[in-house]
Amino acid sequence: MNKILLLERLQDERDRFELLLNRIGFTRQLTMRGVIGGLTVKDLLAEVLTHEQFIADRLSEILHGETYAPSASFTALENFQREYNYPDYESSLLEKDKFHPLILDLYKNIEFDEIASQELAVYTSILESIDKLTHHQCLDHDLYHRIAEHTYRPYRRTSIAIHQWLKRIASELK
């Protein structure tokens with residue numbers, strides 16, 4: 001993979017994700033529970049935001065010559081969460097593809113529009129960082145894979161859950 005292909009995939013997935021959010025865009029539906037368990041679209045967007053913030057921070061560290069190592073102990077994991085206000089998504093101690101309660105607590109009193117605004121700013125930051133990275137930095141830090149893991153793969157997972165939820169709602173209304 002190269003940066004051009006990564007950016008094309010990222011933008012393509014991003015466009016689909018934004019179209020879906022716009023489709024369900026009135027406030028009542030965005031805060032209705034039940035998309036996945038008791039979660040709302042707002043909760044899922046907060047999860048997407050924290051994944052993007054995670055990779056945006058790692059990209060910034062790489063650009064500044066800093067080194068990140070996934071948390072190897074539960075103490076390190078707790079310290080990471082306290083410092084950054086999101087989970088260490090690349091730690092082997094964290095369950096993958098599972099919604100983290102920390103996110104619910106952090107974003108429960110924040111309006112959907114504010115989360116969406118923050119998410120867009122972080123997404124823009126990711127694009128700017130990718131532009132500054134060299135191909136060798138991307139390879140050395142496995143960034144093509146890592147960026148996908150924290151951007152368009154969460155878009156896909158969230159989109160699938162929302163589509164299934166919309167189908168359930170539609171069938172219940174009939």
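D113 sits in helix α6, which covers residues 112–132. Helices here are DSSP runs of H or I with at least four residues, strands are runs of E with at least two, and the numbering goes from the N terminus. What you're looking at is a predicted model, so local features are used at a pLDDT of at least 70 and side-chain atom pairs at 80 or more, while totals for chains, interfaces and linings take in all residues. Residues are counted from 1 along each chain as its sequence is written, and side-chain values rest on heavy atoms, with hydrogens and water left out.

**The whole protein**

How many helices and strands does the protein have? The tally is 9 helices and 0 strands. Reading from the N terminus, the order is α-α-α-α-α-α-α-α-α.

The C-alpha trace spans about 55 × 40 × 25 Å along its principal axes.

Of the 174 residues, 43% are buried. Buried means under 20% relative accessible area, exposed means over 50%, and partly exposed is what falls in between (1.4 Å probe, protein chains only).

A contact is a case of heavy atoms within 4.5 Å. Take the contacts between residues at least 6 apart in sequence: 68% of them join residues at least 24 apart.

As for charge, there are 21 positive and 28 negative charges, and their mean positions are 7 Å apart. Lys and Arg count as positive, Asp and Glu as negative, and His and the chain ends are not counted. Each charge is placed at NZ of Lys, CZ of Arg, CG of Asp or CD of Glu.

**Some residues to look up**

| Residue | Relative accessibility | Class |
|---|---|---|
| T151 | 0% | buried |
| V35 | 4% | buried |
| E61 | 10% | buried |
| E18 | 30% | partly exposed |
| N85 | 42% | partly exposed |
| D142 | 43% | partly exposed |
| D113 | 61% | exposed |

Let's start with the loops. T151 is found in the loop between α8 (143–150) and α9 (152–173). Which residues does T151 touch, leaving out those up to four places away in sequence? They are L10, E52, I55 and I126. A polar atom of the T151 side chain lies 2.6 Å from the backbone oxygen of I147.

V35 is in the loop between α2 (27–30) and α3 (41–63). Setting aside residues up to four places away in sequence, V35 touches T40, V41, L44, A161, I162, W165 and R168. S129 is 94 residues from V35 along the chain, and 32 Å separates their C-alpha atoms.

Most residues other than glycine have a negative phi. N85, in the loop between α4 (74–84) and α5 (101–107), has a positive phi near 65° and is not a glycine. D142 isn't a glycine either, and its phi is positive at about 50°. You'll find D142 in the loop between α7 (135–140) and α8.

Now for the helices. E61 belongs to helix α3. Is E61 buried or exposed? With a relative accessible area of 10%, E61 is buried. Beyond its neighbours within four places in sequence, E61 is in contact with E66, Y68 and Y84.

E18 lies in helix α1, residues 3–23. Y155 is 137 residues from E18 along the chain, yet their C-alpha atoms are separated by 9.2 Å.

And back to D113: what separates it from K42 in sequence and in space? The two are 71 residues apart in sequence and 9.2 Å apart in space, C-alpha to C-alpha.

Conventions
Polar contact = N/O pair within 3.5 Å; in protein donor to acceptor, adjacent residues only side chain to side chain.
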